[in-house]
Amino acid sequence: MDFFFEVLIGGLLSGVMYSLVAIGFVLIYKASGVFNFAQGALVLFAALTFVSLVERGVAFWLAFGITMAAMLLLALGVERLVLRPLANRSHITLFMATLGLAYIIEGAAQALWGAQVHGLELGIEDVPLEVGGLFVSQFDLFAAGTAATLVLVLSLLFNKTRIGLSLRAVADDTLAAQAVGIRLPRVWTAVWAVAGLVALITGLLWGARLGVQFSLSLVVLKALPVLIIGGFSSVGGAIAGGLIVGASEKLAEIYVGPLVDGGIENWFPYILATLFLLVRPAGLFGERAIERV
Amino acid sequence: MLYTEAGQFSTTYRADRRVFRLRQDRIALGTLLAFAVAVVPLIGNDYWFSAILIPFLVLSLAGLGLNLLTGYAGQLSLGSAAFMAAGAFAAYNFNLRIEGLPLLVSFGLGGLVAALLSIVFGLPSLRIKGFYLIVSTLAAQFLIPWVLVKFGWFSNFNASGVITAPPLEIAGYDLSSPGGRYLLTLAVVIALAWLASNIVRSELGRNWMAVRDMDTAAAVIGISLPKAKLLAFGISGFYLGIAGSLWAFTYLGTVEPHGFDLARSFQVLFIIIIGGMGSILGNFLGAAFIVLFPLLLSNLAALLPVGLIDAGQLENIQKMVFGALIIAFLIREPDGLARLWQQFRARARRWPLRY
């Protein structure tokens, strides 16, 4: 039974990492209704920029600041060159535009900083820690702590500040928000910048675990089922979805995997998400307003 | 002046309903087909066949398959490559395990298997719409290649999991030379493109477009949404499956499941975005673009001083340009290259008059 719980907790903690990516999606989806496929590319871009700066001898916090500035510039550019000309177009069009954006950002990140794998040290050792008889990775705990802080900060931002209020207004009814004088371009830039910050933090945590390399941009694919299960429009749902996906895929790998010779981790979350779609299209915490057929 | 339609009247409904109403269009298409069938095999060399014409034709067919689903019926899919893989491996196994099965029949059976799988993964479309569907199609994209890799039966227990094309022979004619493979591909693509252009003009095609444009209205006027959507998934899967078999047998000869990865699905999606959604011609224009553009780019890079741009950088630049083109097309010309062609045609029809 101890083994079961160890797998479960390991899975839950790795699920936190998925949630981090999913939060980036939820932010942009909430504020602009765009399903942002480029979030993975943002993660790659942020992590590569940061790690390349650190390798060139820039101090940790300075590199963090410079990367954040780069993400802000990127957000400005995206709003100006992609979102504004495509305002009021269909969701599918916007989704495909972010696909193109993902290609541009991935290409640019690798053209600028090269394609080799960079190691990233955050100063947290990935050693197992014994908590109440179970072994838990210290790094995973740190990641969970970071995610919790991030969620706390984001919900404060959304619920207690003016910018958060305008974000929610835009998400609720774009036209009405514009009518009362909320500037759409600013809101979009802000939300893409915040998504950039989330991407940076995600990139650092994932990069420390996997090495900063191209495969970071593929974490976006892990976040999709998380979003479906948790619901597109809820930060809490992203966390819950991440935990469910993380725990269930690890358990399935351990207990079902041997029956079919392993490797089911890659598609299991998708099948789970597809079943969720059939049974509960809005996800666990999503708003009911999702368009039905 | 060349394009004037003066004097061409339809005197019967039949004549009015034909796909190409203008005599010039019919002549142009006929000439093009005659050129492709009769002249190209004589003048083409192996490089042109194997590296440009065959992939162009197969990708056009794959684009056509996705276009029926996404461009006409409005259901987004990111799993095109998985259905191509399913078609290829199914065709391979039918050909291997049923003695003396004609090649074209195994293509067809492979297409049917892909169609069935496509319908299964299209089932969630009955409850959800829009980009939620990408999850179910991505499930196909990850599950199908995994199954093909994991269970050796599908590749006849090949040690490296690859399938190899059977001898390409139809009615005693050996088609395994580059020219022969080109002709086989061309024949299949022409037949299926002809079928598709008739499907989209039939009741089914109009139902698809109604579902795409406004599903509620479509349901109100009595179109069965589940039937229209699942048929779209099925027919699209059939086309993709056949495209997959052609990709495996006439283009590459040897293929492994990883050849049909997510990048391939994106490639097919890009073909229809660049070529034009909801257009048959667009698939061919988009596929030509996707095949020729990287060649053009690498030739341009070769003109620059040696060492200025290495292969890795070239790939990055190619990615960025493709991404930028996708966005540019979505913003400026959502109907793609096919729309540009139509504009050119409209202008040619009134030339040299202004309007």
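This is a predicted model: local features need pLDDT of at least 70, side-chain atom pairs count only at pLDDT 80 or more; totals for chains, interfaces and linings use all residues.
Student: OK, is Ala338(B) buried or exposed?

Tutor: Ala338(B) sits in helix H14 (residues 336–350) of chain B. The test counts other C-beta atoms, placed from the backbone, within 10 Å of a residue's own: 20 or more is buried, 12 or fewer exposed, and in between partly exposed. Ala338(B) has 24 C-beta neighbours inside 10 Å, so it counts as buried.

Student: And what separates the C-alpha atoms of Ala338(B) and Ile280(B)?

Tutor: Contact means C-beta atoms, placed from the backbone, within 7 Å. Setting aside residues up to four places away in sequence, Ala338(B) touches Gly275(B), Gly276(B), Ser279(B), Leu281(B), Gly282(B) and Leu285(B). Ile280(B) is 58 residues away along the chain, yet the C-alpha separation is 8.5 Å.

Student: How are H3(B) and H7(B) oriented, roughly parallel or roughly antiparallel?

Tutor: Axes are lines fitted to C-alpha atoms, for helices over the stretch in contact, and angles run from 0 to 180 degrees between N-to-C directions. Under 35 degrees is roughly parallel, over 145 roughly antiparallel, 65 to 115 roughly perpendicular, and the rest oblique. The axes of H3 (residues 46–72) and H7 (residues 178–199) of chain B come within 10 Å and cross at roughly 20°. That makes the pair roughly parallel.

Student: Which residues in H7(B) does Leu61(B) of H3(B) touch?

Tutor: Leu61(B) is one of the H3(B) residues that meet H7(B). Beyond neighbours within four places in sequence, Leu61(B) contacts Tyr239(B), Ile242(B), Ala243(B) and Leu246(B), along with two others.

Student: Over in chain A, which helix gives the most to the side that touches chain B?

Tutor: In this interface, 39 residues of chain A are in contact with 34 residues of chain B. Elements giving two or more residues on the chain A side are H4 (91–113), H9 (219–230) and H11 (268–279). With 16 residues, the top contributor is H4(A).

Terms used:
Residues are numbered from 1 along each chain as its sequence is written. Chains are lettered from A and ligands numbered from 1 in the order in which they are written. Helices (H or I, at least four residues) and strands (E, at least two) are DSSP runs, numbered from the N terminus.
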